[in-house]
Amino acid sequence: MKISRLVMLFILLATCAARADTVNSATSTTSTASSLQDKSLQSQSQQSSQQWGLSDTEWQKYQQLKQGKRGIQSPGLDPLTTLGVESDSVSERRRLAELWVKEEYQRTEKELAFQREVNAAWSRLYPNALSVNMGNASGLAHDTNGRMALFVRDNCERCDARLAAVLADNRPVDIYLVGSDGKDDTVRKWAVSHNIPVDRVRSRQITLNHDRGLWLTYGQGQMPVILQQGENGWQLAAF
């Protein structure tokens with residue numbers, strides 16, 4: 001009888017020990033997984049901050065700003081602009097502005113290099129076709145000094161008259177067709193019907209672009225509209 005009780009006691013103790021080991025093992029596994037996840041997030045945060053030339057503290061501040069009022073007012077704003085706009089320090093704004101300019105310079109150089117390859121590809125593959133620039137919703141082209149931007153629409157006599165004057169002036173111009181609905185064929189047919197010189201398009205003296213809503217920003221409700229690029233950016237030149 002005593003032996004039986006001892007056996008039962010031994011089994012009970014062994015069972016309790018096994019359960020304790022299981023609980024400890026599960027707790028340890030959860031703790032390890034949580035630690036690995038934290039390290040992964042920390043590593044990603046460090047990589048992101050380094051890409052923008054920011055410290056970990058600045059990156060954390062940027063993340064906080066995204067979750068606040070600035071994130072609602074300016075969704076999708078880049079880290080440098082977000083921090084610069086919200087900074088109360090003159091020296092800090094200057095540093096962030098310089099970082100932003102360096103980033104923009106590198107981005108522009110890459111995009112221009114690719115655009116040159118696109119232009120070359122058009123010449124090789126479709127030498128008799130007019131290339132259409134898909135446009136950049138962030139603003140007008142700023143890669144060449146002294147350019148004009150002309151906003152026109154189809155079936156517009158005033159637009160046709162203004163276009164003829166611009167072409168006769170032989171000035172570099174970016175033409176934006178309002179109402180093209182992002183269709184390249186629409187822009188090409190318009191260009192052909194208005195005798196846009198193919199050689200000037202190939203040389204990029206003239207570019208053909210989808211409007212992408214830019215007219216609403218710059219046109220002040222007028223049609224046609226000409227903008228002139230100068231030292232202070234794009235300015236209204238004529239309606």
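This is a predicted model: local features need pLDDT of at least 70, side-chain atom pairs count only at pLDDT 80 or more; totals for chains, interfaces and linings use all residues.
User: Why is Thr82 called buried?

Analyst: Its relative accessible area is 3%, and buried means under 20%, so Thr82 qualifies. Thr82 sits in helix α4, residues 79-86. Pro79, Leu80, Leu83 and Gly84 of α4 are buried too.

User: Which residues does Thr82 touch, leaving out those up to four places away in sequence?

Analyst: Tyr62, Leu65, Arg70 and Leu77. Tyr62 and Leu65 also turn up in a nonpolar core, which I'll get to below.

User: How do you know whether Leu54 is buried or exposed?

Analyst: Leu54 has 7% relative accessibility; the limit for buried is under 20%, so buried it is. That's for a residue in the loop between α1 (2-51) and α2 (56-66).

User: What does Leu54 touch, beyond residues up to four places away in sequence?

Analyst: Its partners are Ser49, Trp59, Pro79, Leu80, Leu83 and Leu96. Take Pro79: Leu54 is 25 residues from it in sequence, yet their C-alphas are 8.9 Å apart.

User: Which residues have the most contacts inside the largest nonpolar core?

Analyst: Phe151, Ile175, Trp190, Ile196, Ile206 and Leu208, in a core of 28 residues. At least two residues each come from β1 (148-153), α6 (157-169), β2 (173-178), α7 (184-193), β3 (206-210), α9 (214-218) and β4 (225-230). Apart from that core lies another, of seven residues, including Tyr62, Leu65, Leu83 and Leu96. As for Trp190, its contacts include Leu163, Ile175, Leu177, Ile196 and Leu208, but also Arg153 and Asp154.

User: What makes Cys156 and Cys159 a disulfide?

Analyst: Their sulfurs are 2.3 Å apart, and the cut-off is within 2.5 Å, so the pair counts as a disulfide. A search of the whole structure finds one disulfide. The link of Cys156 and Cys159 is right-handed, with 70° about the S-S bond, and both cysteines are buried.

Conventions: Residues are numbered from 1 along each chain as its sequence is written. Side-chain values use heavy atoms; hydrogens and water are left out. Helices (H or I, at least four residues) and strands (E, at least two) are DSSP runs, numbered from the N terminus. Buried means under 20% relative accessible area, exposed over 50%, partly exposed in between (1.4 Å probe, protein chains only). Contact means heavy atoms within 4.5 Å. A nonpolar core is a set of buried Ala, Val, Leu, Ile, Met, Phe, Trp, Tyr and Cys residues joined through side-chain atoms within 4.5 Å.
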